[in-house]
Structure formats: structure tokens, C-alpha cells
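Subject: Structure handover

Hello,

I am passing on the structure we spoke about.

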Amino acid sequence: MNQARTGRKWSLETRRKMILSQKNFQFKEREIICCDCKQIASRTWSRQKRCLKCANLHTEKREKDWKTKHPYKPDVPFICKNCGKEFKTFSYRIKQGIKYCSVSCGVKVQNQYKKRTGIIKQCEYCKNDFYAKPALIEKQLFCSNNCRNLGLDRSYSKGKNHWNWQGGITDIQSQVRHSYEYKLWRKTIFERDNYTCQFCGQRGKKLHVDHWPRPFSYFLRKYNIQSLEDAINCEALWDIKNNRTLCDKCHRGTETYLNKSAYLYMGAN
């Protein structure tokens, strides 16, 4: 009986026997003849008629047969009450009270009956109109995060004004590569090349922007870029015609990868 119910405690001898029985416990195996492959196999359950391999194949076959007999596909036609489009759905969904063909149609209907107490404002960066909620009428100045990052003045927290300023120990290449403008520039090149490597044709995974035919350091030396503002104002540095999309493996084999070809452009003015 359970000691929690009786209130009694097991003795040390009883505990020792229980621990030993758990350590030495083993399933009793017996030999059977598989009904499918007719080979001898050892199984632990007395009612098992197949070896482990044949049992797995039999289970997969039963699942496939059941799915073919009971296909999980919508077969009841229904008309969306918002757009009037005819679509197929399940019978239980109609019993639950389905009305629309998609979530977007349902949201459009909800917005028609929703009371809007906010106002229409103009974005301070792109000058487009947007809807501001009542709680954000005075605070919200931009229509999106991209406009906010581009239009917000962050000079109060940059450079010497930052609380963690350590004398300008970050090199100019790291400043440019970690800037918001550099991220937008990389995204533009990826979208132009459809996120595809221009050498092997691989799409997605780990992609790089290769500065070609001139490396990144060439423009820094030629135009004497000393600060992030100089880099942003340099048009040649952000020219998308002088770049290409490469995967990590193909980029490592090029001459412009890291500092392989830096010696070729050391004398550039």
C-alpha cells in the first residue's frame, strides 16, 4: 500500500530491496516467428506477431490506408458574406458559424463596425497620412518604424554625447557596417538579385554583399572617409551597380574577400 495513505514509513531494508529491484529489472524477451518475413525475432510482449521492422512497416501502411479512406479535405461549398466568393469548407465549420472565406475578410467587417476615435496625422518623414490611436495622438510622429529610424534625430545619443563614449575606439568600417543605412543598402541589393547567389545560383541561406570590382576599403581610402557622416554622404560607396550577391562559400573564393586584394588598391588616391 502507499505509505502516504497509511501514514507508515518504509524501513531501510524495504527501501534497499526496492532500489535493487529497480536496478535489476529487465523485460523478459521471448523468441517469435514473424508472420510477414518468417524470421525469428526476440520481442518483449507476448502478443506481438511481427519483428520490429515489419511492425513499423505495418503501422505506416495502416496509416496510409486510413488517410485514403478518410481524406481530410473540405467538400462543402459556402459563400463568403463579405466578398461573395465561393469556397469549400468542412461541415463542422458551418455548424460552428463560419461566415467569411479568410481572416482578412473577417477583419474588414469588424473594422466597419469599430468606432474610430483617433485622428489622421501626417508622417514627418515621408509626408504620408496615417491613423493615430487616441493614446498616441501626441506621441506618434511617424507612420512606421522605418520612417522613425530615418527621420528621428539621434545626435543627442551618438558619438561624444553617448553615455558610454570611450574616445572613438571603434574603427570606421565597423561604424558603417553596423549603421541603419548600411542595412537598408544590403536589403536593396538582396531584393535586386532575388536573394540568389550570382555564381552558383543558390537562393537563401547565408548570403553576403560583395563589393565588386573594388573592395570596401578602397572607397574609404580614396574618398578619405573619417567619420560615419562622411560615409553617408559618399555616393560612390552606396552605388548598387558596383556590388553583387554571393553565398558564403562563393564569397570566400573571390579576390575581394576581406583583405585579400587590399594591396592592389593601397596606392589609390
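Below is what was found, starting with the chain as a whole and ending with single residues.

This is a predicted model, in which local features need pLDDT of at least 70 and side-chain atom pairs count only at pLDDT 80 or more, while totals for chains, interfaces and linings use all residues. Residues are numbered from 1 along each chain as its sequence is written, and side-chain values use heavy atoms, with hydrogens and water left out.

The chain as a whole

The protein chain has eleven helices and eight strands. Helices (H or I, at least four residues) and strands (E, at least two) are DSSP runs, numbered from the N terminus. Of the 269 residues in the chain, 24% are buried; buried means under 20% relative accessible area, exposed over 50%, and partly exposed in between (1.4 Å probe, protein chains only). The chain exposes about 21,700 Å², and carbon and sulfur atoms supply 51% of that area. Accessible areas come from the Shrake-Rupley method with a 1.4 Å probe; for residues, only the protein chains shown count as cover. Among contacts (heavy atoms within 4.5 Å) between residues at least 6 apart in sequence, 37% join residues at least 24 apart.

The largest pocket has a volume of about 1,100 Å³. Its lining has 27 residues, and S157, K158, G159, Q175 and L228 are the closest to its centre. The elements that give two or more residues to this lining are α6 (145-151), α7 (172-177), α8 (180-192) and α10 (228-233). The largest share, four residues, comes from α10. By class, the lining of the largest pocket has seven nonpolar, 15 polar and five charged residues.

The second largest pocket has a volume of about 310 Å³. Of its 16 lining residues, R177, H211, H251, T256 and L258 are the closest to the centre. At least two lining residues come from each of α7, α8, β7 (207-211) and α9 (216-222), and β7 has the largest share with four. The classes here are six nonpolar, seven polar and three charged residues.

The terms used for pockets are as follows. On a 1 Å grid over the protein atoms alone, a pocket is an open set of points where a 1.4 Å probe fits, with protein on both sides within 12 Å along at least five of seven lines, and lining residues have an atom within 4 Å of a point. Grid points are joined across faces, edges and corners, and a volume is the space filled by probe spheres set on the points. Ala, Val, Leu, Ile, Met, Phe, Trp, Tyr, Cys and Pro count as nonpolar, Asp, Glu, Lys and Arg as charged, and the others, Gly among them, as polar.

Nonpolar core

The largest nonpolar core has 21 residues, and V176, Y182, W185, F216, I225, L237 and W238 have the most contacts inside it. Such a core is a set of buried Ala, Val, Leu, Ile, Met, Phe, Trp, Tyr and Cys residues joined through side-chain atoms within 4.5 Å. Each of α7, α8, β7, α9 and β8 (243-247) supplies at least two of the core residues. Not counting residues up to four places away in sequence, W238 touches V176, E181, Y182, W185, A231 and I232.

Single residues

H211 is in strand β7 and counts as buried because its relative accessibility is 6%. Leaving aside neighbours within four places in sequence, H211 is in contact with R177, Y182, W185, F216, N242, N243 and T256.

F142 lies in the loop between β6 (129-132) and α6 and is buried, with a relative accessible area of 9%. Its C-alpha atom is 7.7 Å from that of Q122, 20 residues apart along the chain. Beyond four places in sequence, F142 touches C123, E124, Y125, F130, C147, R148, G151 and L152.

A cis peptide bond joins W212 and P213, with omega about 5°. P213 is in the loop between β7 and α9.

K38 has a positive phi, near 60°, in a residue other than glycine. K38 sits in the loop between β1 (30-33) and β2 (40-43) and counts as exposed at 61% relative accessibility. Y195 also has a positive phi, near 55°. Y195 is in the loop between α8 and β7 and is partly exposed, with a relative accessible area of 31%.

Regards
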